[in-house]
Amino acid sequence: MKTLTFLARSGPYGSSKAKALLDMVLSAAVFEQKIQYIFLDDGVYQLLAGQDPALLAAKNVSAALPALELYGVDQVYLDLDSLQARGLSTDQLLIPASTCSAGDISKMIAESDMVFSL
Amino acid sequence: MSTLHIVNKSPFRTDALQRCLALVSPGDSILLIEDGVLAANLSTLADSLAGRDVNCYALSEDLVARSVSVADTCIWTVDAAGFVTLVCEHRNSLSHG
Amino acid sequence: MGRADLELPDGRRITLDKDGYLTRLNDWDTGVAEALANREGISLTPEHWAVINLVRQFHQEFGLSPATRALVKYVARHLGEDKGRSLYLMALFGGKPALTISRLGGLPRPANCF
């Protein structure tokens with residue numbers, strides 16, 4: 001089994017990066033690999049509860065997050081520094097994520113077989 | 001296992017380099033390409049690399065095109081073939097855009 | 001009208017893509033599901049309907065057409081562990097249940113289902 005690390009570093013709207021990475025995560029999950037889905041930098045905005053992009057005529061990317069568990073993706077991490085730098089806290093998040101530091105993320109990257117960043 | 005961190009944005013326009021430096025582990029390498037090479041002549045980059053066991057490279061084609069020189073002997077220049085070699089020498093490549 | 005179009009007993013014609021999925025998701029109703037199932041040699045029982053309705057609920061809830069593993073877990077959660085097995089879904093819908101169920105349920109083709 002390979003360890004695949006996905007770094008979500010972009011906000012949920014304004015580009016298709018968040019959705020593209022999510023699709024990669026869900027596709028990788030079909031192959032039953034060890035998946036680490038890490039939200040950092042602007043990526044932490046993807047986790048915010050209460051997103052409603054209807055006025056943007058965009059699909060709500062965050063709607064899929066509660067399904068991660070059904071796809072067997074249970075290692076979801078959140079960079080606490082990124083969250084706090086944006087004035088956010090963990091009680092504003094849609095799904096539970098394990099908080100971690102940049103140092104923890106460095107280690108996860110170092111121990112991964114493949115790393116994807118969007 | 002080592003990772004090649006690739007930065008292609010100007011340090012004056014985005015924080016890509018800072019976000020890269022936050023995730024670099026000892027034994028990793030950083031490669032500056034495109035506008036990322038604008039960091040190559042900053043002493044602050046040399047300072048933040050000091051004592052971290054991280055090799056830093058800048059792509060010579062992008063340096064020459066922009067007439068940027070490297071500030072410190074701690075930054076190596078590589079050409080496109082060297083870029084390929086670096087990718088092969090590391091287990092993963094990670095772009096910080 | 002392409003060859004792949006679906007003709008309903010009431011005379012409606014529904015356009016399908018090359019894989020047999022609805023090109024307009026709003027075209028779906030139970031009559032469309034029945035006609036799609038007929039094309040595939042499946043006659044819909046209450047057991048089929050429970051799963052089809054559930055896949056529509058999944059799409060409503062998460063904005064996704066489920067891959068097999070996710071669908072199996074979701075079925076287990078809502079219809080019981082005895083039904084949350086790929087063998088159960090294959091017995092009802094054939095060899096590629098996630099694809100077939102999304103097709104009959106009027107959802108887009110699951111993007112990450114191979």
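In what order do the five strands of the open sheet in chain B stand? Here are my notes, starting there.

1. The order is S4-S3-S2-S1-S5, and the pairing is parallel. Strands here are DSSP runs of E with at least two residues, helices are runs of H or I with at least four, and both are numbered from the N terminus. Two strands count as paired if DSSP finds at least two bridges between them. S4 (75–78) and S5 (92–96) of chain B are the edge strands with a single partner each, so one side of each has no neighbour in the sheet. From one strand to the next, the twist averages 25°.

2. Before going further, keep in mind that this is a predicted model: local features need pLDDT of at least 70 and side-chain atom pairs count only at pLDDT 80 or more, while totals for chains, interfaces and linings use all residues. Residues are numbered from 1 along each chain as its sequence is written, and chains are lettered from A and ligands numbered from 1 in the order in which they are written.

3. Now look at S3(B). Four bridges tie S2 (residues 29–32) of chain B to S3 (residues 55–59) of chain B, with Ile30(B) partnering Cys56(B). On the other pairing, S3(B) and S4(B) also run parallel over four bridges, and Ala58(B) sits opposite Thr77(B). S3(B) is mostly covered, with four of its five residues buried (20 or more other C-beta atoms within 10 Å of a residue's own, C-beta atoms being placed from the backbone).

4. How does the chain get from strand to strand? From S2(B) it passes through helix H2 (residues 43–49) of chain B to S3(B), a right-handed β-α-β crossover. From S3(B) it goes through helix H3 (residues 60–66) of chain B to S4(B), again right-handed. Right-handed means that, with the strands pointing away from the viewer, the path from the first strand over the helix to the second runs clockwise.

5. On to the chains. Residues are in contact if their C-beta atoms, placed from the backbone, lie within 7 Å. Of the two pairs of chains in contact, A and C share the most contacts: twelve residues of chain C meet 13 residues of chain A. Helix H3 (residues 68–79) of chain C gives the most to chain C's side, with four residues.

6. Chains A and B put ten residues each into their contact. On chain A's side, H3(A) has the largest share, five residues. Chains B and C do not touch, and their nearest C-alpha atoms are 24 Å apart.

Notes: Axes are lines fitted to C-alpha atoms, for helices over the stretch in contact, and angles run from 0 to 180 degrees between N-to-C directions. A residue is buried if 20 or more other C-beta atoms lie within 10 Å of its own, exposed if 12 or fewer, and partly exposed in between; C-beta atoms are placed from the backbone.
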